[in-house]
Amino acid sequence: MEYICELKNISKRFHTINHETKAIDNLSMKVKKGEIVSIVGPSGSGKSTVLNLIGKLEKPSEGEVIVNTNSIGFMFQKDQLYEWRNIFKNCLLGLEVKNAVTEENKAKVIDMLKKYELYSFRNHYPSQLSGGMRQRAALVRTLAIEPDLLLLDEPFSALDYQTRLSVGNEVGQILRREKISTVLVTHDIPEAVSISDRVIVFTERPAKIKKEYIIEFKECQDDRTPMNCRNTLEFGEYFRQIWRDLDAGKE
Amino acid sequence: MREKNKKKDFNISKEHSDYLKSIKRENYFIRITQILVFVFFIAIWEWAARYKHIDVFLTSSPGAIYKLIVRFIEDGSLIKHLSISTMETIAGFFAGTILGLLTAILLWWFRRLARIMDPYIVILNSLPKTALAPIIILWAGMGFSGIVATAASISVIVTTMTLYTGFINVEKDKIVLLKTMGANKFQVLNKVVIPSNIPNILSVIRVNIGLSWIGVIVGEFLVSKAGIGYLILYGSQTFKLDLVMMGVFVLGVVAAIMYFFASWLEKIVIKY
């Protein structure tokens, strides 16, 4: 089995003048190619730090991070669209940075905008779009560089509940269809269960792996959209178990 | 603005059209009153001057100023003085703004340098720059170059400080996003730091036009042989208050034109 990324015995400490905080303690995990992995855990448990380590935004204090690609896409809680660029130009940002704005790539971005129903808004500025549309635009911007590995840091939590369900449903299907390896950090258990192949539960800080669940839905194997998954009995069972893990951690 | 233009609904309710009318009426009232204030001020001034309620020797009068302006326009000297001062202002403005922008970029790029320079910049900023004018004129030359340098010196420090503050306060996550795409420092500057500070840069431009005029007038007071500042100083030294008042009036008109030009620029550049 090929792995897209691998963390080996990672520890991470943060330093301020008065404190030293251990965020991650001897953590090891692997993500297979094409796999969608979610990380859930108490807030402040170092979930985002794991993403930053994989994305090479930070270095581990100990241990080794192996990432078998140069093409990583990041998505954050806020869409971080640049308000001075229109939607099309925002989507070209990653390609610009990589000096890869070719006619061919532009055409690809236009195709994606059409696919995600943003084409007629390509000349609009972000402030003129709704939250859900903005998040879809952020996804197009992220996918435009054709990442082999997608790192999602609570990408839907700034959206209202309704939009969050529908955008989560769409994005989940896109990831599965395009077979993009993904690490999703979230505190929303149903979101994690409905989208992922595997859910990793973190302990309180310093983060260790508390439990791991392989998520399988026999009831909707053939049409595994996040929304269909939510309607199965298995879904409730996964939810209850993970809820118990997190709840038990509090005591 | 954009939204408003788009929603051109033809069958609006009576209440809504009344509302629009009341807003229009209010704006109209404000504009008329603004003009009336000016007309009244001029009229009272002229009336008081004619009936000797005020000493024309000290205050001049609108009629006398008008006659002087006409004379100066006819013999071409107004254009001469005005164009000299305007050239000095524009040159000083560009020098101060560009130098300030470059310094701000330099400080942003080398953050350690910014920390080291911090107390000196703060002191320079709190110093009244006009106090430096005599020194600057001695260094840069007793004429056009000295006056331009004076104008630039007034805006350069505050430009540096304002823009540097804007640069370091760019939303951190916007920069992180670009770094996740593999951007280098120059791309961060080019694609986030500068573009997100365009509104800031434009408001600095608007302020700097005014500051450059201050520098030019101070400079002309000190050394010049021509220019609006020279006219004002010459008029006051020879007790020709008509000339002084004319200088101030022309200055007001030109400064206002430049200010509106900058505001207009702001409107067309910022589309989002």
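How many residues of chain A are in contact with how many residues of chain B? I took contact to mean that the C-beta atoms of two residues, placed from the backbone, lie within 7 Å, and on that basis I found 17 residues of chain A in contact with 15 residues of chain B.

**Conventions and confidence.** I number residues from 1 along each chain as its sequence is written, with chains lettered from A and ligands numbered from 1 in the order in which they are written. The model is predicted, and I therefore note that local features need pLDDT of at least 70 and side-chain atom pairs count only at pLDDT 80 or more, while totals for chains, interfaces and linings use all residues. The scores I recorded for the model are ipTM 0.83 and pTM 0.84. For chain B I noted a mean pLDDT (the predictor's confidence in each residue, from 0 to 100) of 91, with 96% of its residues at 70 or more. Over residues 1–7 of chain B, however, pLDDT stays under 50, and the model has zero contacts there beyond four places in sequence.

**Interface, chain A side.** I returned to the residues of chain A that are in contact with chain B, 17 of them. The elements giving two or more residues to this side are strand S5 (72–75) and helix H3 (93–97) of chain A, where helices (H or I, at least four residues) and strands (E, at least two) are DSSP runs numbered from the N terminus. H3(A) gives the most to the side of chain A that touches chain B, with three residues. By class, I counted that side as 10 nonpolar, four polar and three charged residues; here Ala, Val, Leu, Ile, Met, Phe, Trp, Tyr, Cys and Pro count as nonpolar, Asp, Glu, Lys and Arg as charged, and the others, Gly among them, as polar.

**Cores.** I next looked up the nonpolar cores, each a set of buried Ala, Val, Leu, Ile, Met, Phe, Trp, Tyr and Cys residues joined through C-beta atoms within 7 Å. A residue is buried if 20 or more other C-beta atoms lie within 10 Å of its own, exposed if 12 or fewer, and partly exposed in between, with C-beta atoms placed from the backbone. The largest nonpolar core has 82 residues, and those with the most contacts inside it include Cys91(A), Ala137(A), Leu151(A) and Val183(A). Helix H5 (residues 131–143) of chain A gives the most to this core, with six residues. I also listed the partners of Val183(A), not counting residues up to four places away in sequence: Val31(A), Val37(A), Ile39(A), Leu51(A), Ile54(A) and Leu151(A). A second, separate core of 18 residues includes Ala133(B), Ile147(B), Val148(B) and Ile154(B).

**Backbone in chain A.** Which peptide bond is cis, with omega near -5 degrees? I found that bond running from Arg205(A) to Pro206(A), and Pro206(A) is placed in the loop between S8 and S9 of chain A. Lys208(A) is in that loop, between strand S8 (198–202) and strand S9 (209–214), and it is partly exposed because 16 other C-beta atoms lie within 10 Å. Not counting residues up to four places away in sequence, Lys208(A) touches Asp25(A), Asn26(A), Leu27(A) and Thr203(A).

I placed Asn26(A) in strand S2 (residues 20–32) of chain A, and it counts as partly exposed because it has 14 C-beta neighbours inside 10 Å. Gln80(A), in the loop between S5 and helix H2 (87–91) of chain A, also has a positive phi, of about 55 degrees, although it is not a glycine. Why does Gln80(A) count as buried? Gln80(A) counts as buried because it has 22 C-beta neighbours inside 10 Å.

**Records and spans.** From UniProt I took positions in the numbering used here, with feature names shortened and annotations that may be inferred rather than shown by experiment. An unreviewed UniProt entry lists residues 5–229 of chain A for "domain: ABC transporter", and I noted that this span is 32% helix and 27% strand, with its end C-alpha atoms 27 Å apart. For chain B, an unreviewed UniProt entry lists residues 78–262 for "domain: ABC transmembrane type-1"; that span is 86% helix and 0% strand, and its end C-alpha atoms lie 24 Å apart. UniProt also places the feature "transmembrane region" (unreviewed entry) at stretches of chain B including 122–141 and 211–234. I found residues 122–141 of chain B to be 65% helix and 0% strand, with end C-alpha atoms 27 Å apart, and residues 211–234 of chain B to be 83% helix and 0% strand, with end C-alpha atoms 22 Å apart.
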